[in-house]
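The sequence and structure come first.

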Amino acid sequence: MTDKTPAARIPLTVLGTGAMGTALARAWLAAGHPVTAWNRTAARTGTLAAEGAAVAASAAEAVAASRLVIVCLLDDASVGAALDGADLTGRDLVNLTTGTPAEGRARAAWATARGARFLDGGIMAVPPMIGSPDSGGYVFYSGSPELFEEHRDTLAVPAGTRYVGEDAGFAALHDVALLSAMSGMFAGIMHAFALIAPEDIAPKDFAPLLVSWLGAMTGSARQAADQIESGDYGKGVVSNLAMQVAGNATLLRTAEEQGVSPELLTPYTALTERWLAEGHGTEDTTGAMELLNLRRAAADRP
């Protein structure tokens, strides 16, 4: 971890000492930052106290101890409950609690009305990755650019930082968008293993093939982005929608033959079939994304 001068080791408060909050606080303690910790269940601050953290008796007391306040709680409701009654005037509030974009924007307005500067964050890491410079973990931040610039070095101690805009909802949006893509990948992996399960194929032998194939396919995201930005879903097409839909039938028949439910595939295959029916057979599959736009669907209704 990069050494910091004493002047740069500013004091900070961490509200919430679950697995992630504890990992964050430990990283700052290891870098020489004075840390005040608070948790609704006081016993969960014991590890940090043993490592040098001051433990506050209440969230309000913890907030009063430091200008920079890091919040890492269960959900947005718990953030509001913990900070209810705390004086936020002049505080720099960094909310690393997982939430939605709308919650991030509302919490930013709430904090600003109480005299605080505000950043929302989306942590792209698990606790063991925190404090390890080579882990690849990082945190999306959005909200006050002045707050981010002033505390950039301190925020970079536990994990890398990626500022994604002044709109306080953007950190959560980036976080959830990446997690949503991950969930789709997990669904595909689960289905693939289910297909081979009835056969004499060792999952450990199949896994390297799966990793290699998925790695090769992820590059298609760049082409999809180019098509979306240009508005031309026929740009650079290699395997058009009509061909993909025809191929999907084979996927579904194979699932039936193997005795595997197609429920992880059918939402996607049904979406592409609808886009094909609208006359986009020569385009890429990317355009089917438009069918997911509920605002567009509402506007199209008579």
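## Model and conventions

The structure is a predicted model, in which local features need pLDDT of at least 70 and side-chain atom pairs count only at pLDDT 80 or more, while totals for chains, interfaces and linings use all residues. Residues are numbered from 1 along each chain as its sequence is written, and side-chain values use heavy atoms, with hydrogens and water left out.

The average pLDDT of the protein chain is 95, and 95% of the residues score at least 70; pLDDT is the predictor's confidence in each residue, from 0 to 100. Over residues 1-7 pLDDT stays under 50, and the model has 11 contacts beyond four places in sequence for this stretch. A contact means heavy atoms within 4.5 Å.

## Overall architecture

There are 12 helices and eight strands in the protein chain. Both are DSSP runs numbered from the N terminus, helices being H or I with at least four residues and strands E with at least two. The C-alpha trace spans about 65 × 55 × 35 Å along its principal axes.

Of the 302 residues in the protein chain, 39% are buried. Buried stands for under 20% relative accessible area, exposed for over 50% and partly exposed for the range in between, with a 1.4 Å probe and protein chains only. Among contacts with a separation of 6 or more, 61% join residues 24 or more positions apart.

## Nonpolar cores

In soluble globular proteins, nonpolar side chains tend to be buried together. A nonpolar core is here a set of buried Ala, Val, Leu, Ile, Met, Phe, Trp, Tyr and Cys residues joined through side-chain atoms within 4.5 Å. The largest one has 30 residues, and Ile70, Val94 and Ile130 have the most contacts inside it. Two or more residues of this core come from each of strand 1 (12-15), helix 1, strand 2 (35-38), strand 4 (68-71), strand 6, strand 7 and helix 6. Helix 1 gives the most, with seven residues. Another core, of 21 residues, lies apart from it and includes Leu15, Trp38, Val63 and Ala86.

Beyond four places in sequence, Val94 is in contact with Leu68, Val69, Ile70, Val71, Leu119, Tyr141, Leu147 and Leu155. Leu155 belongs to helix 6 (residues 145-155) and counts as buried because its relative accessible area is 1%. With neighbours within four places left aside, its contacts are Trp28, Ile70, Val94, Leu119, Tyr141, Phe148 and Thr161.

## Cavities

A search of the whole structure finds two cavities of 30 Å³ or more. On a 1 Å grid over the protein atoms alone, a cavity is a set of points where a 1.4 Å probe fits but cannot get out, a pocket is an open set with protein on both sides within 12 Å along at least five of seven lines, and lining residues have an atom within 4 Å of a point. Grid points are joined across faces, edges and corners, and a volume is the space filled by probe spheres set on the points.

The largest cavity holds about 50 Å³. Its lining consists of Asp76, Asn95, Thr97, Thr98, Gly99, Thr100, Glu103, Gly104 and Asp120, with no nonpolar, six polar and three charged residues. In this classification Ala, Val, Leu, Ile, Met, Phe, Trp, Tyr, Cys and Pro are nonpolar, Asp, Glu, Lys and Arg are charged, and the others, Gly among them, are polar.

The second largest cavity holds about 30 Å³.

Helix 1, helix 4 (76-83), strand 6 (117-124) and helix 7 (170-196) each supply at least two lining residues. Strand 6 gives the most, with five.

## Two single residues

Thr22 is found in helix 1 and is buried, with a relative accessible area of 15%. Not counting residues up to four places away in sequence, Thr22 touches Gly16, Thr17 and Leu48.

Ala106 sits in helix 5 (residues 101-113) and counts as partly exposed because its relative accessibility is 48%. Between the C-alpha atoms of Ala106 and Ala168 there are 8.6 Å in space, for 62 residues in sequence.
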